[in-house]
Structure formats: structure tokens, C-alpha cells
Amino acid sequence: MTLSFICSFSSCRIIRCFGRAIADVKRKKTRNPSGRPFLPQTVKRDIRNWLVVLPLVSRQTRVTMKSQHGPFGLCFNAAGRSGQEGAIKRVMRNDGDRLWMPIIYRRMTRDEALLSADIIVEAYAKPPWHEEWSLQNAISRIDELTTTPMCLAVAAFDAERPVGFAFGLPHTSVMGRGIHVAEIAIRPQHQRSGIGSRLLSKLEEDARIMGYVHIWLVSRSTGGVAEYYRSNDYQHSEKLCVYSKKLK
């Protein structure tokens with residue numbers, strides 16, 4: 001079992017601690033009934049304990065361990081400058097003998113969004129939408145969203161790659177300051193895994209912190225999409241519908 005660490009650290013203390021982690025992993029590694037090596041719970045607990053007490057750098061730090069069965073690791077956010085303590089933001093997930101990086105949910109920059117415009121192309125090509133987006137139109141859509149003042153963009157990252165995003169735009173009405181979910185899309189291979197619901201929750205949480213009092217969106221009124229939003233506590237409006245007109 002070959003292990004390595006991909007780190008972005010500036011602290012010698014952190015490097016020494018992970019040297020100890022590697023030594024313990026090699027010493028404690030074992031095998032499951034199928035014969036494949038995996039990390040015992042004691043090793044994962046030890047690594048978590050070491051991470052909690054380490055001084056953190058001023059940016060998010062990712063630690064990835066790789067084996068012949070794929071990558072796995074832990075992510076934690078710096079709570080401040082080096083010397084301050086922080087808590088682990090994300091921990092390893094285990095599926096039998098396979099471990100991997102968890103999905104990270106955070107704000108998305110404009111550049112990250114523009115580089116991920118193909119998510120719209122992939123997502124809307126599948127049922128129930130069957131829409132043929134060109135990449136240029138998708139990029140234009142992202143450009144419209146991210147250049148709108150106070151646009152709130154959140155995304156799900158698998159390692160460094162965005163696999164889904166949601167965009168909220170401010171919309172004040174008689175109810176007060178609201179936010180309109182103008183776009184939400186997830187790559188097809190990552191759909192039906194809870195990512196969309198987590199993106200909505202992240203968007204709602206950030207909007208609440210920013211002082212918004214309600215959130216709304218436009219989508220299909222029937223079928224699986226409608227049931228999906230109802231399952232996330234969105235209510236169908238009985239009074240409003242969408243009107244459109246083609247401009248020639």
C-alpha cells in the first residue's frame with residue numbers, strides 16, 4: 001500500500017506530525033476479508049486528533065493520501081493565521097475499503113464559475129430537460145449571473161473540480177429582501193446523491209446571514225422536479241405562473 005501526502009504547508013511542525021501519521025499508517029494497516037488493505041479506525045482517529053491541534057495556515061488546507069485503491073483524505077479550514085487552532089472542516093468517508101475526499105461546499109468565484117460553464121451543458125442535456133445548450137451560451141449565462149450585483153454563487157467541489165453550482169440573485173418584493181435561485185445545476189454523474197439539496201441549504205444559509213428573508217425559484221410545476229423542491233420545503237405558488245413571449 002503506497003501512501004503519499006499532497007500538502008501546502010508552511011509549518012515544520014505539521015510536516016513532522018504527518019511524518020508520524022505515515023509511520024503509524026504503515027504500522028497499523030491491515031486487510032479486510034477480501035484481501036484489500038484499508039485503514040483501521042484507530043489510524044483515522046489518530047490523524048483526526050493530530051489535525052485538530054495543529055496550527056493552521058491562513059488558507060484552506062487539503063491533505064490527500066493516495067493508495068492503489070484511489071485517493072482519500074481530510075480537508076480543514078484555517079481559522080486564522082498560523083499559530084491559531086481550528087477544527088476540521090471535512091473528514092474522510094469510508095465505503096468498505098475505499099476512502100475518498102468528501103464533497104466541499106463553498107462560495108464560488110467568477111473565474112471558477114466561467115471555467116465550469118460546461119456543467120450547464122451536461123446537466124440540461126439529460127431528462128427531464130433535454131435542452132441542447134452550446135458551451136458559448138452557457139458561458140454567457142454564467143457571465144450574466146456573476147456580473148449581477150450581489151450575485152451569490154455557491155458550488156460543490158470534488159477535490160478541486162466543481163461538480164455542481166447554484167446562483168442566487170437579489171429580488172426585493174412586498175415580502176422584503178428576497179433571493180431568486182436563478183440557476184442550479186449538477187453534473188449528471190453526481191446527481192441523485194444529495195448535492196443539489198446541500199447546495200440549496202448552503203445558498204439559504206448564506207442568504208439568511210446576508211439578511212434575506214425569503215427565497216424563490218421558477219421550475220417545473222409537476223413531475224420529479226416539482227417533488228424534489230417540495231421535499232426541500234419549497235411551496236408551489238397557486239397564484240403565480242410564468243408568462244413568456246418570443247421576440248422576433
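Start by selecting E132, which sits in the loop between α4 and α5 (135-146). Helices here are DSSP runs of H or I with at least four residues, strands are runs of E with at least two, and both are numbered from the N terminus. E132 counts as exposed because its relative accessibility is 81%; exposed means over 50%, buried means under 20% relative accessible area, and partly exposed lies in between (1.4 Å probe, protein chains only).

A word on what you are viewing. This is a predicted model, in which local features need pLDDT of at least 70 and side-chain atom pairs count only at pLDDT 80 or more, while totals for chains, interfaces and linings use all residues. Residues are numbered from 1 along each chain as its sequence is written, and side-chain values use heavy atoms, leaving out hydrogens and water.

**The whole chain**

Zoom out. The chain holds seven helices and 13 strands. Of its 248 residues, 40% are buried. Take the contacts (heavy atoms within 4.5 Å) with a separation of 6 or more: residues 24 or more positions apart account for 59% of them.

**The sheet**

Select β9 through β13. These five strands form an open sheet in the order β9-β10-β11-β12-β13, and the pairing is mixed. Two strands pair if DSSP finds at least two bridges between them. Look at the edges: β9 (103-107) and β13 (214-216) each pair on one side only. From one strand to the next, the twist averages 25 degrees.

Which strand does β10 join through seven bridges? Select residues 152-158 for β10 and residues 161-173 for β11: the two run antiparallel, joined by seven bridges. Pick out A153, which stands opposite F167 in β11. Then find A155, opposite F165 in β11. The hairpin of β10 and β11 has two residues between the strands, and A159 there takes a positive phi near 60 degrees.

Move on to β12 (176-186). β11 and β12 are antiparallel too, paired over 10 bridges. A hairpin of two residues links β11 to β12. Stay on F165: its bridge partner in β12 is A185. G168 has V181 as its bridge partner in β12.

Is β12 mostly covered or mostly uncovered? It is mostly covered, with eight of its 11 residues buried. On to β13: β12 and β13 pair in the parallel sense, over three bridges. Show G178, which stands opposite H214 in β13.

Select α4, residues 118-125. This helix lies across β11 and β12, running at about 75 degrees to β12. Such angles run from 0 to 180 degrees between N-to-C directions, with axes fitted as lines to C-alpha atoms, for helices over the stretch in contact.

Now go to the largest pocket. On a 1 Å grid over the protein atoms alone, a pocket is an open set of points where a 1.4 Å probe fits, with protein on both sides within 12 Å along at least five of seven lines; lining residues have an atom within 4 Å of a point. Grid points are joined across faces, edges and corners, and the volume is the space filled by probe spheres set on them.

Select I215, W216, L217, Q235 and S237: of the 30 lining residues, these lie nearest the centre of the largest pocket. β11, α6 (195-209), β13 and α7 (223-231) are the elements that give two or more residues to this lining. By class, the lining has 16 nonpolar, nine polar and five charged residues. Nonpolar covers Ala, Val, Leu, Ile, Met, Phe, Trp, Tyr, Cys and Pro; charged covers Asp, Glu, Lys and Arg; the others, Gly among them, are polar.

Last stop: the second largest pocket, with a volume of about 900 Å³. Select W129, I184, V225, Y228 and Y229, the closest to its centre among 33 lining residues. At least two lining residues come from each of α4, β12, α6 and α7. Which element gives the largest share? β12 does, with seven residues.
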